[in-house]
Amino acid sequence: MHIYLREVTYNNKVKPKKALGQHFLTDESVARRIASTLDEYKGTPVLEVGPGMGVLTKYLLEDGHDVTVVEIDSESVDYLDRNFPQLKDRILGEDFLKMDLDKVMHGRQFCVIGNYPYNISSQIFFKVLDYKDSIPCCSGMLQKEVAERLATGPGSKVYGILSVLLQAWYDIEYLFTVNENVFNPPPKVKSGVIRMKRNGVTDLGCDEKLFKTIIKTTFGQRRKTIRNSIRGLLPPDVPLPDLPVWGQRPEQLGVDEFVNLANIVTELRNSVKPSNEG
């Protein structure tokens, strides 16, 4: 689902496209609240994803932000061109997921904000992770269930892969819920607004690639204990040390526990001497 915002006084509005699952937000106070999530980042360039008809964009500009927008819908791009001359040369009719963000933002630090398409919101946040050292803050609206998943900690049923990966690098707040009745047409789900602020971590203290592999592997078999799900990442028949973690399931582990697990796996791999045969 792709959410676009509208200003109720605009003429020649973009018509919602059923194929894109477009739902227009009719309560502008919500757009203003979303824009305010970047208040403490004045002076940092902002990249807005999916501006639609620009109501969120309007408040970002009013707040003095240096805004660049990326919009895949050509009709919305035309609308923005007509109604936001102050965005000249900063309206990008491209696919956010395929963009080189360092090139687009000229190697600067920048914030990301938007009312994110529900069907690709996870992919958007994986891309944010790829540029984590350039993005001090990311905020916006997405499906409530996904927003809760990103912000929740260990022990929750919705806690998952993206929860851990994002929380390793960002402090995440679930800010508020947006009800269905402020959209036209109303979606079938509620929406949630979150804000992610880059934490002080610069090095996880483990093999980052292995850290990601372990998280994806264990959550891919989340009903299994760590002992059983992790076995394929270890040398055959390597003895496991007597540790409580083997009897746990992935949703019970926080970022620090996954870091420790990555280091344990590394040690177990290194404990097996390579064969000199052949």
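**Aromatic pairs and nonpolar cores**

The structure holds 3 aromatic pairs, and the model from which they are computed is a predicted one. Tyr159, Phe219 and Phe258 form one aromatic cluster, and Phe258 also belongs to the largest nonpolar core, where it is among the residues that touch the most other members.

**Aromatic cluster**

- Tyr159 and Phe219 pair edge-to-face, with 5.9 Å centre to centre and 70° between the planes.
- Because Tyr159 lies in the loop between helix H6 (144-151) and helix H7 (161-167), whereas Phe219 lies in helix H8 (residues 208-219), this pair ties together parts that are 60 residues apart in sequence.
- Both members of that pair, Tyr159 and Phe219, are buried.
- Phe219 and Phe258 form a tilted pair, 6.0 Å centre to centre and with 35° between the planes.

**Nonpolar cores**

- The largest nonpolar core has 56 residues, of which Phe125, Met196, Phe211, Ile214, Ile230, Phe258 and Leu261 touch the most other members.
- Helix H10 (residues 255-271) supplies the largest share of this core, namely 8 residues.
- Apart from this core lies another, of 29 residues, which includes Ile34, Tyr59, Val77 and Leu87.
- Ile230, leaving aside its neighbours within four places in sequence, is in contact with Ile214, Thr218, Trp246, Leu261 and Val265.

**Charges over rings**

- Arg33 lies over the face of Phe176, at 3.7 Å from the ring centre.
- The charged end of Lys132 sits over the ring of Trp169, 4.6 Å from its centre.

Note on methods: Residues numbered from 1 in each chain as written. Predicted model: local features only at pLDDT ≥ 70, side-chain atom pairs only at ≥ 80, totals over all residues. Heavy atoms only, no water. Core = buried A, V, L, I, M, F, W, Y, C linked by side-chain atoms within 4.5 Å. Buried < 20%, exposed > 50% of the residue type's maximum accessible area, 1.4 Å probe, protein only. Helix = DSSP H or I, 4+ residues; strand = E, 2+ residues; numbered from the N terminus. Contact = heavy atoms within 4.5 Å. Phe/Tyr/Trp six-rings, centres within 6.5 Å; stacked < 30°, edge-to-face > 60°. Lys NZ or Arg CZ within 6 Å of the ring centre and 35° of its normal.
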